[in-house]
Amino acid sequence: FQFFWLSLNVWLFGKTFLLYNQGLQYYYLHQMLGLGLCVSRASASVLNLNCCLVLLPMCRVLLAFLRGSQKVASKKTRRLLDKSKTFHVTCGITICIFSVIHVAAHLVNALNFSENYNEEFVTLNAANYRGEDPRKLLFATVPGLTGVIMVLVLFLMCTASTYAIRVSNYDIFWYTHNLFFVFYMLLMLHVSGGVLKYQTNLEEHPPGCFNPNKTLRQNLTVPKAFEELLPDYTTEPFPEDLPVPEPFVQNSFVRVCSEEPKFQSHFPETWFWISGPLCLYCVERLYRYIRSNKPVTITSVISHPSNVLEVRMMKDDFEARPGQYVILHCPRVSALESHPFTLTMCPTDTKATFGVHLKVVGDWTERFRDLLLLHSNQDTEILPIFQQRRYPKLYVDGPFGSPFEESLNYEVSLCVAGGIGVTPFASILNTLLDGWKCYKLRRLYFIWVCRDIESFRWFADLLCMLHNKLWQENRPDYINIQLYLSQTDGIQKIIGEKYQALNSRLLIGRPRWKLLFDDIAKCNRRKTIGVFCCGPNKISKILHKLSNSSNSYGTRFEYNKESFS
């Protein structure tokens with residue numbers, strides 16, 4: 001996908017480059033700036049496109065609506081919506097690359113404006129006189145100054161978006177990324193300067209035409225790009241005191257100017273590109289703010305082993321589908337910062353409670369845990385509703401769509417989780433526990449890879465309840481559970497009567513993915529199986545590769561991966 005998008009942008013760059021290199025309306029400006037004009041305008045067209053589209057993947061409400069409505073009926077099309085984060089990152093990288101090209105071209109343009117100052121075309125010049133310091137064009141004009149500030153803002157946003165900074169200090173990434181609003185305001189000012197102009201009276205003044213009173217083409221060299229477009233005009237001035245001979249005027253090889261060239265600044269096209277997506281994004285943010293301005297009621301907080309915290313809450317008129325996620329915002333933890341968490345429990349017709357599980361890693365989750373738990377040394381803290389005043393205010397934005405909503409829409413699904421990546425599947429298993437007959441899903445393969453036994457314990461109760469329910473309904477083959485542990489320390493603690501249903505499904509080591517896929521394909525010949533993964537990139541890449549490979553059983557695997565936008 002990234003290669004396709006980059007190729008599309010390169011094609012757009014080339015088409016715009018040729019337009020400015022061969023367009024007659026840019027003839028005199030091309031004479032002054034050379035290829036710097038073509039490169040700067042071509043890169044600007046690419047930047048307009050990407051600055052327009054980079055905001056759309058961040059319109060979460062719109063994506064959730066499209067995914068949950070009948071507007072997008074095809075699974076393949078809905079899976080494209082799951083690439084929203086990838087598309088956002090790709091647009092961001094493209095903006096960085098072509099911004100470098102755009103800046104380099106304008107540095108050359110500033111130098112050419114100074115050195116090639118032409119008194120014949122005063123309105124065409126950005127410089128005030130020949131030899132003017134190019135730095136004045138960069139720091140003393142609105143386009144130049146806004147461009148310099150935008151480069152600094154873009155540099156901060158790009159460097160803070162790297163994986164190392166996001167992992168080590170998410171706050172830096174969060175605050176610098178919100179500078180995008182400053183970037184767009186500066187962009188609107190940047191394009192309003194009207195530095196580059198085009199000729200408006202081509203009929204009255206063809207580029208390089210003959211003026212009986214003044215030769216405009218003297219000392220000008222026609223570039224090769226215009227040699228085929230322009231006729232061979234005479235370069236000798238016509239005497240001012242003599243009338244122009246009629247045969248000379250009618251000669252097909254000579255065109256006489258009827259007026260001086262007139263130049264006009266381009267209307268800032270960037271407004272057309274970014275105004276729509278920017279307004280859409282702002283309206284959505286306003287809608288989300290209104291929707292989430294009422295704090296939720298926290299019903300219980302449970303501290304699980306391995307630094308896993310479970311928060312259960314209630315909210316009026318809150319509806320969600322299994323696999324969706326919400327964004328939590330706690331003002332006492334951070335005034336502006338918020339984080340996405342997958343719902344592990346969705347509200348139903350019989351209960352209004354919904355919940356999330358979060359791994360305590362990083363400053364935000366640590367401060368959030370300390371505020372929720374009255375005594376941090378307690379393993380479990382469940383408080384009744386009448387003690388809600390002890391909890392800090394918590395705001396929930398969402399829910400928003402994710403790929404795992406599709407897991408119940410396949411006849412056969414393969415769900416693979418790594419560590420805390422099991423949380424998206426918790427809501428799905430809870431939904432099946434309430435009732436599975438109303439869904440299309442008829443067989444579920446559930447694979448969970450954990451580092452140690454403690455990471456497994458908090459989820460074991462749910463697996464046992466679902467397993468026992470299916471056995472009571474005479475559907476033991478509905479779900480196939482395989483649990484893999486990479487460490488054996490403490491394994492004897494879980495082998496007992498409480499988890500007897502899972503003992504035979506507890507394996508040591510890592511899955512043999514190729515054999516696993518072959519076995520599933522053999523048992524489900526000529527069927528389409530949905531593959532859902534939430535875990536480390538290493539596992540994700542292996543599953544993606546195996547899903548795209550062919551097999552001898554006619555089974556088709558469709559790969560899906562959790563990716564918060």
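Where is the place of N474? N474 sits in the loop between α17 (454-472) and β11 (479-485).

## Basis of the model

This is a predicted model, in which local features need pLDDT of at least 70, side-chain atom pairs count only at pLDDT 80 or more, and totals for chains, interfaces and linings use all residues. Residues are numbered from 1 along each chain as its sequence is written, and side-chain values use heavy atoms, with hydrogens and water left out.

## Overall make-up

The protein chain contains 20 helices and 14 strands. Helices (H or I, at least four residues) and strands (E, at least two) are DSSP runs, numbered from the N terminus. Of the 565 residues in the protein chain, 48% are buried. Buried stands for under 20% relative accessible area, exposed for over 50%, and partly exposed for values in between (1.4 Å probe, protein chains only).

Contact means heavy atoms within 4.5 Å. Among contacts in the protein chain between residues at least 6 apart in sequence, 75% join residues at least 24 apart.

## Annotated transmembrane regions

The UniProt record, an unreviewed entry, places the feature "transmembrane region" at residues 42-66, 87-108, 137-160 and 172-191. UniProt positions are given in the numbering used here, feature names are shortened, and annotations may be inferred rather than shown by experiment.

In the model, residues 87-108 are 100% helix and 0% strand, and the end C-alpha atoms of this span lie 32 Å apart. Residues 172-191 are 85% helix and 0% strand, with 29 Å between the end C-alpha atoms.

## Cysteines

A disulfide is a covalent bond between the sulfur atoms of two cysteines. Here the term is applied to a pair of cysteine sulfur atoms within 2.5 Å. A search of the whole structure finds one disulfide. The partners are C96 and C158, with their sulfur atoms 2.5 Å apart. This pair links distant parts of the chain: C96 is in helix α6 (residues 84-115) and C158 is in helix α8 (residues 142-160), 62 residues apart. The torsion about the S-S bond of C96 and C158 is about -60°, so the disulfide is left-handed.

C96 is partly exposed because its relative accessibility is 21%. C158 is also partly exposed, with a relative accessible area of 26%. C51 is in no disulfide; the nearest cysteine sulfur, that of C52, is 9.0 Å away. C51 has a relative accessible area of 5% and is therefore buried. C415 is buried too, at a relative accessible area of 1%.

## Helices α19 and α20

Two packed helices are described by the angle between their axes and the distance between the axes. The axes of helix α19 (residues 513-523) and helix α20 (residues 537-548) come within 11 Å and cross at roughly 40°. That angle makes α19 oblique to α20. Axes are lines fitted to C-alpha atoms, for helices over the stretch in contact, and angles run from 0 to 180 degrees between N-to-C directions. Angles under 35 degrees count as roughly parallel, over 145 as roughly antiparallel, 65 to 115 as roughly perpendicular and the rest as oblique.

The crossing of α19 and α20 is right-handed. A crossing is right-handed if the near helix is turned clockwise from the far one by less than a right angle, and left-handed if anticlockwise. On the α19 side, W513, K514 and F517 meet I539, I542, L543, L546 and S547 in α20.

Y553 lies in the loop between α20 and β14 (556-561). With 23% relative accessibility, Y553 counts as partly exposed. Not counting residues up to four places away in sequence, Y553 touches D518, A521, K522, R525 and R526. The C-alpha atoms of Y553 and N524 are separated by 8.2 Å, although these residues are 29 apart along the chain.

A cis peptide bond joins G398 and P399, with omega about 10°. P399 is in strand β8 (residues 395-400). D317 is not a glycine, yet has a positive phi of about 60°. D317 is in the loop between β4 (308-314) and β5 (325-329), and is exposed, with a relative accessible area of 80%. N474 likewise has a positive phi, near 60°, in a residue other than glycine. N474 is exposed, its relative accessible area being 63%.

N430 is found in helix α16 (residues 423-434) and counts as buried at 18% relative accessibility. Leaving aside neighbours within four places in sequence, N430 is in contact with T344, M345 and L462.
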